[in-house]
Amino acid sequence: LSRIPPLPTGTSSAPRRTPPPSLVLWQMVCVQSGFYVSFGALVAVVCTLVVGGVVPAPSLAMVCSPRLSLLPDSWLVTLLGYTTAACFTAFVILAAVQRRRRVLDFVFTCYSVHVLVCWWYDGVFPWHWEWWCVLLTAAATTCLLGEYLCTQYERRDFPTHSPLLAMDSTKSS
């Protein structure tokens, strides 16, 4: 034991592992894709189910426009779309990231990219306070649900029965 150098003060015995940048990039692509797929799918479903009046075909404007008036009762469509996307994105974060401490980073990145896409698509920065309220509520929902799911995943019981452990216990007796 005297050959092992002491740890510097303020460090833990377990080294910090940072994931490779390519893995983080692919995780971001998965989270962003999950957000847009779920949001776009719900908007498309609602557009086909809405009866009465002229219902436009689903388009990129319904996902990327910060205006809440593209459909009749569009505030409800937008609210449902963002809520569904928030819940689905939390499950995508669980599948792709699986770490509670990284959930906030991925949620912030996902919704920041969405704001930039909306800004690019509309040509002006989104100043609509209703849209921001819906967006921030969806981001908070994604973050809280994602952290809850990842915490439950990290706290799950690991199986203690292993054929190798069983062989070791029979040898020692």
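Leaving aside its neighbours within four places in sequence, with which residues is E147 in contact? In this predicted model, the residues that E147 touches beyond those neighbours are R100, V103 and L104, and the legends below begin with the surroundings of that residue.

View 1. The predicted model contains six helices and zero strands, and, read from the N terminus on, the order of elements is α-α-α-α-α-α. Of the 173 residues in the protein, 30% are buried. The accessible surface amounts to about 11,800 Å², and 68% of that surface belongs to carbon and sulfur atoms. When contacts between residues at least 6 apart in sequence are considered, 75% of them join residues at least 24 apart.

View 2. E147 lies in helix α5, which covers residues 129-154. With a relative accessible area of 25%, E147 is partly exposed, because that value falls between the 20% under which a residue is called buried and the 50% over which a residue is called exposed. Apart from neighbours within four places in sequence, the contacts of E147 are made with R100, V103 and L104.

**View 3. Helix α5 along its length.** The 26 residues of α5 should span 38 Å at 1.5 Å a residue, and the C-alpha atoms at the ends of α5 are 37 Å apart, so the two values agree. The buried residues of this helix are W131, V134, L135, A138, A139, T142, C143, G146, L149 and C150. An α-helix has 3.6 residues a turn, so residues three or four places apart point the same way.

View 4. W131 is found in helix α5, and W131 counts as buried because its relative accessibility is 0%. T78 has its place in helix α3, and T78 is also buried, with a relative accessible area of 13%.

**View 5. The largest nonpolar core and the residue I93.** The largest nonpolar core has 27 residues, and among these Y82, I93, V107 and Y111 touch the most other members. Two or more residues are given to this core by each of α1, α3 (74-96), α4 (103-122) and α5, and the largest share, eight residues, comes from α5. Not counting residues up to four places away in sequence, I93 touches V31, Q98, V103, F106, V107, T142 and C150.

**View 6. Helix α4 and the residue just after it.** Helix α4 has 20 residues, and the distance from its first C-alpha to its last is 28 Å, close to the 28 Å expected at 1.5 Å a residue. The buried residues of α4 are V103, F106, V107, C110, Y111, H114, V115 and C118. Just after α4 comes G123, which takes a positive phi of about 90°.

**View 7. Q98 in the loop between two helices.** Q98 is found in the loop between α3 and α4. Phi of Q98 is near 65°, which is a positive value in a residue other than glycine. Q98 counts as partly exposed at 26% relative accessibility, and Q98 is one of the residues touched by I93.

View 8. L25 is found in helix α1, which covers residues 21-49. Together with W26 and V29, L25 makes a nonpolar surface patch of about 320 Å². V43 also has its place in helix α1, but V43 is buried, with a relative accessible area of 3%. V43 and L80 are 37 residues apart in sequence, and the distance between their C-alpha atoms is 8.6 Å.

How values were computed
Residues are numbered from 1 along each chain as its sequence is written. This is a predicted model: local features need pLDDT of at least 70, side-chain atom pairs count only at pLDDT 80 or more; totals for chains, interfaces and linings use all residues. Side-chain values use heavy atoms; hydrogens and water are left out. Helices (H or I, at least four residues) and strands (E, at least two) are DSSP runs, numbered from the N terminus. Buried means under 20% relative accessible area, exposed over 50%, partly exposed in between (1.4 Å probe, protein chains only). Contact means heavy atoms within 4.5 Å. The expected span of a helix is 1.5 Å times one less than its number of residues. Patches are made of residues with over 30% relative accessible area and no salt bridge: like charges are joined within 9 Å, nonpolar side chains (Val, Leu, Ile, Met, Phe, Trp, Tyr) within 5 Å. Accessible areas come from the Shrake-Rupley method with a 1.4 Å probe; for residues, only the protein chains shown count as cover. A salt bridge is a side-chain nitrogen of Lys or Arg within 4 Å of a carboxyl oxygen of Asp or Glu. A nonpolar core is a set of buried Ala, Val, Leu, Ile, Met, Phe, Trp, Tyr and Cys residues joined through side-chain atoms within 4.5 Å.
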